Amino acid sequence: TTKFLRTDGDGTCSWQVPPTLTLVDEDNMASNSATSVPSQQSTKAYVDTQIGGISAAPTVTAVATGTIANGIGVQANSDGTVSAITKGASSFGTAQNITADAAVGDILECVGCYNPTDKIWAIFYRVDNDSDAHLALATVDGTTLTVGGDTQVAGHLCYYLSIAYNLATNSYALAYRNGANGYGFVRTLAGNGTTTNGNMISNQRQVCTNNVYGTALVSCPGNVFEWMLLYGRQPNSSGNKRGEAVMVNYNTGNSAPSVGSMTTWGPTNLGSRGVTSATYNPDKDRVLVSVQNNGNNTLAVYSIAPNGASVGSDGGPQVLYSGSGYSKEKVIYDTTNDKVVGFYWDEDSGGGIVKVKSGVEGSSGSITWSSEVDVTGVAADDYTAVFNEGAEEVQFFYEQGSNGYAYYRTIDCSGSAP
């Protein structure tokens, strides 16, 4: 018998018989041995057999809630049942008051943004008989909103409100026009709280002088300065409105945010509302802003690149619609389909039917638009739209002019046109 000499740790030596390994060529591994070694061929045969026995569509038995057609996706419910996932079918929670007192007046402006880190909605608004704008934070639990106490933001009358959240710094930026002098200002707020107070909102930073018309804040992920602020400004009482933009940087505590140098962009004759909306295209790392050009009666989208503390040049006007009788333009970005989505209000067709186009942005800021699609079918007094990343769809809300009711629908931009 073959033996080997083993040296132990205490300096002694002994002759030992080496262990014996048995090679098994067994495709089904039936012996289930703890000491035998399978051959390469039998290992491959066994694995191939097991994988081949797995169904690509395993059968799951569950109690269904409602009727579920073949091929429809399902979701598990908390009661152990399953139900069909129907895109666009939404349930709405109970309405919650934003203002602390119903007697404060009608809300004239209301904008908001979502903080996914803390699951909080930040709501920036003003009412008709108050001399200030207010900020309220609302926590989210399913379809339930719990609105915390609000706080005054500026200490004076504000117009053209906008707000945006930045994930990297977990903070908000708020922009507005001072009602007393028409100047533009910006403030920031730390996002690590569920209520607001005077210590959390920063001091204000003046962005520009003269009359500001419209503001739009856009978070620019990965940029040194976290937000781009776009606005329309009338340099003097008789001049035309032009587009301007600055980058905004968050500073901790109550310190006022920093702003970069101002850059002009777009046409030199903006519509009466100045800047109406803006969004971010993560695919191209560019900000898209929609405006009305009174100089040639067009609605257009401009694509502008953030560049650290500076604002890059725009990609020229990407005309959404050409002709009079159109206004209330809005642009959002569908990250699922990588599409620019542009809306506008058709004043000539039934008093204000909302239309939509989708487009693909090129590397230089050019946009190839789809054909026009009717969204509302009837006159809408006002509307807004967002892209819901969780649901992967464009969600559209509007007030129907004939009855004053609020309506909701979803828009699919996966095809050649919405």
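Predicted model: local features only at pLDDT ≥ 70, side-chain atom pairs only at ≥ 80, totals over all residues.
Student: Okay, and how many strands does the chain have?
Tutor: The chain runs to 418 residues, and 41% of them count as buried. In secondary structure, there is one helix. The strand count is 33.

Student: Now the inside. How much space lies in the largest cavity?
Tutor: A search of the whole structure for cavities of 30 Å³ or more turns up one. The space in the largest cavity is about 40 Å³.

Student: Which strands each supply at least two residues of that cavity's lining?
Tutor: The lining includes Ala175, Tyr176, Gly184 and Phe185, along with Val207 and Cys208. Val212, Thr215, Leu229 and Tyr231 line the cavity too. The strands that each give at least two lining residues are β13 (171-178), β14 (184-190), β15 (205-208), β16 (211-219) and β17 (227-234).

Student: By class, how many charged residues are in the lining?
Tutor: Eight lining residues are nonpolar and two are polar. Gly184 is one of the lining residues, and Gly counts as polar by the classes used here. As for charged residues in the lining, there are none: the count is no charged residues.

Student: Is Pro257 buried or exposed?
Tutor: Pro257 sits in the loop between β18 (242-249) and β19 (258-259). Not counting residues up to four places away in sequence, Pro257 touches Val186, Arg187, Thr188, Ser202, Asn203, Arg205, Val248, Asn249 and Asn251. Its relative accessible area is 0%, so Pro257 is buried.

Student: How far apart in space are Pro257 and Gln204, C-alpha to C-alpha?
Tutor: In sequence, these two are 53 residues apart. In space, the C-alpha to C-alpha distance is 7.4 Å.

Student: Last one: why does Ala45 count as buried?
Tutor: Ala45 has its place in helix α1 (residues 40-52), and its C-alpha is 5.6 Å from that of Asp27, 18 residues away in sequence. The cut-off for buried is under 20% relative accessible area. Ala45 counts as buried because its relative accessible area is 17%.

Terms used
Residues numbered from 1 in each chain as written. Heavy atoms only, no water. 1 Å grid on protein atoms, 1.4 Å probe; cavity = no way out; pocket = protein on both sides within 12 Å on 5 of 7 lines; lining within 4 Å. Points joined across faces, edges and corners; volume = space filled by probe spheres on them. Helix = DSSP H or I, 4+ residues; strand = E, 2+ residues; numbered from the N terminus. Buried < 20%, exposed > 50% of the residue type's maximum accessible area, 1.4 Å probe, protein only. Contact = heavy atoms within 4.5 Å.
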